[in-house]
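I opened the notebook today to go through one model, a few spots at a time. Here is what I looked up, in the order I ended up with.

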Amino acid sequence: MMRKNYSRKLAFIVTLLTVLLAYQKYTSREKEPFPEVTFIADASEPVSLSDFDPNVLSKEQWQKLGFSEKQSITILKYKDIVGGKFTSKEQLKKCYAISQEKFSELASFILLPERTGGDHPKETDLFKKKKITISGAFNPDQFSVSDWIKMGFSEKQAAAILKYKNYLGGSFISKEKFKECFIISPENYSKIEPYLLLPAKTPENFRNSAKNTPKTTIQYHYFDPNQLDTEGWKALGFSEKQAVIIINYRDRNLRGSFKSIDDLQKCFVISAEKFQEIKPYIKLQERQQEKTDFSKTDLNVITFKQLTEFGLDERSAGSIIGFRKKLGGFVNKQQILTTYHIDQDLVQKLISIAPLSATDVPRYSLVDAPEEWLKNHPYFKYSADKIIFYRISYPDDKKIWKFLKLKPEYEEKMRLYIK
């Protein structure tokens with residue numbers, strides 16, 4: 001009897017050990033690894049950057065900005081997903097094909113607002129406060145900026161509406177097209193629509209005619225891209241914005257001149273097709289560099305190339321040009337010395353030689369200064385909201401200065417740009 005019990009216990013232990021060994025073997029079996037997650041890497045080739053509108057770039061132009069072909073296709077698909085147009089930097093940043101580092105590199109060159117109008121509380125509040133008033137039926141094609149402002153739109157919104165009309169070829173065409181203007185909210189459109197003297201539907205041939213009308217036969221001729229100004233590039237079929245970008249690319253990124261045809265091809269606003277059109281006519285002329293007479297060079301028009309010619313490094317030259325652009329121009333020479341990251345001794349030598357003319361520098365009163373100018377100007381942006389608030393109730397410069405209660409040194413700087 002005892003032997004039988006012993007046998008049963010032994011059999012149970014053996015069975016239990018077998019089960020445990022089988023379970024251990026099963027659970028310790030090497031599991032199939034998860035697929036490795038990889039992010040699309042940015043192209044490592046260095047890229048020369050200038051201001052650009054991401055809504056007009058082709059796949060090839062995105063590649064010129066340093067993206068791979070796969071990334072470029074992804075960005076264009078993302079644009080279609082969000083409605084066919086990027087409305088803000090914030091929206092573009094969400095595209096997963098653009099890494100955070102790459103976006104930081106491009107951000108300052110992107111020609112888009114920081115946020116979509118509806119996402120920015122201040123812009124939304126401002127938009128809601130303006131009431132649209134319509135006196136009667138009207139043809140929007142005949143409206144000027146002042147007409148749109150009288151209706152209740154801001155100056156900036158009115159200018160954007162006219163730009164949209166010009167984009168369509170100089171006419172809103174139909175109520176359908178008018179409704180697509182992103183400045184005009186659905187609520188405002190519903191108020192305006194009954195008074196619009198426009199056909200309800202867009203003609204079927206509109207797209208073809210819109211594309212064909214602006215195009216004219218371009219008579220190409222031999223040209224040196226280093227000698228063309230804005231009008232010269234426009235004569236070759238580029239828009240004014242594209243012409244400005246090409247010139248900035250030449251003067252700032254390439255230090256004043258295209259050294260080879262390849263330099264021109266790398267400019268991202270020149271499509272591959274357009275480059276092939278103009279390539280046979282490009283004649284880069286070798287010319288001796290003329291020395292700048294700095295005693296006759298206005299510090300408000302001096303170029304990046306001329307600053308480096310004087311001896312400043314690229315960082316100093318870029319800082320001076322950038323600060324001057326933000327200010328709208330220097331009013332006195334001491335402002336130049338307050339620029340960050342410059343060679344003080346060399347700049348002191350420069351301003352002692354070169355003249356400064358401030359006649360073309362924009363100046364305003366506190367009452368009349370445009371909101372955008374106040375918010376972007378280095379001297380006014382920190383007080384911009386207060387100025388805008390006070391001048392609604394007290395449209396008098398003297399009273400506004402009193403309410404601001406600024407430190408003397410800050411007020412002194414601001415008054416340089418007050419007329």
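**Salt bridges and what surrounds them**

I began with Lys-177, which is buried at a relative accessible area of 8%. A reminder to myself: this is a predicted model. I then looked for a charged partner and found that the side chains of Lys-177 and Glu-180 form a salt bridge, 3.5 Å from N to O.

Next I checked Lys-102. Its side chain meets that of Glu-105 in a salt bridge, with 3.7 Å from N to O. I noted that both residues sit in helix α5 (residues 100-106), 3 residues apart, which is about one turn of the helix. Buried or exposed, I asked of Lys-102? Lys-102 counts as buried, at 3% relative accessibility. Glu-105 is partly exposed, with a relative accessible area of 36%.

Lys-296 counts as exposed, at 70% relative accessibility, while Asp-293 is partly exposed at 38%.

How many salt bridges are there by this rule? I get a count of 12. I also wrote down a network of salt bridges that links Glu-231, Lys-234 and Glu-240.

I moved on to Ser-174, in the loop between α8 (155-167) and α9 (175-179). Ser-174 is buried, with a relative accessible area of 0%. Which side chain makes a polar contact with that of Ser-174? I found Thr-202, at 2.7 Å. Setting aside neighbours within four places in sequence, I listed the contacts of Ser-174 as Leu-198, Pro-199, Ala-200, Lys-201 and Thr-202.

For α8, I noted 13 residues and a reach of 18 Å from the first C-alpha to the last, close to the 18 Å expected at 1.5 Å a residue. Its buried residues are Gln-157, Ala-158, Ala-160, Ile-161, Leu-162, Tyr-164 and Lys-165. After α8 comes Gly-169, with a positive phi near 110°.

The largest nonpolar core here has 38 residues, and Leu-307, Ile-320, Val-347, Leu-350, Leu-374 and Phe-380 have the most contacts inside it. Elements giving two or more residues to this core include α16 (304-310), α17 (314-327) and α19 (344-353). Which element supplies the largest share of this core? I found that α17 does, with 5 residues.

Apart from neighbours within four places in sequence, Leu-307 is in contact with Ile-302, Leu-312, Ala-317, Ile-320, Ile-321 and Leu-350.

**The whole chain**

I finished with the totals. The protein chain has 23 helices and 0 strands. Of its 419 residues, 36% are buried. The chain exposes about 27500 Å², and carbon and sulfur atoms supply 53% of that area. Among contacts between residues at least 6 apart in sequence, I noted that 56% join residues at least 24 apart.

Terms used:
Residues numbered from 1 in each chain as written. Predicted model: local features only at pLDDT ≥ 70, side-chain atom pairs only at ≥ 80, totals over all residues. Heavy atoms only, no water. Helix = DSSP H or I, 4+ residues; strand = E, 2+ residues; numbered from the N terminus. Buried < 20%, exposed > 50% of the residue type's maximum accessible area, 1.4 Å probe, protein only. Polar contact = N/O pair within 3.5 Å; in protein donor to acceptor, adjacent residues only side chain to side chain. Contact = heavy atoms within 4.5 Å. Salt bridge = Lys/Arg side-chain N within 4 Å of Asp/Glu carboxyl O. Expected span 1.5 Å × (residues − 1). Core = buried A, V, L, I, M, F, W, Y, C linked by side-chain atoms within 4.5 Å. Areas by Shrake-Rupley, 256 points an atom, 1.4 Å probe, with all protein chains shown as cover.
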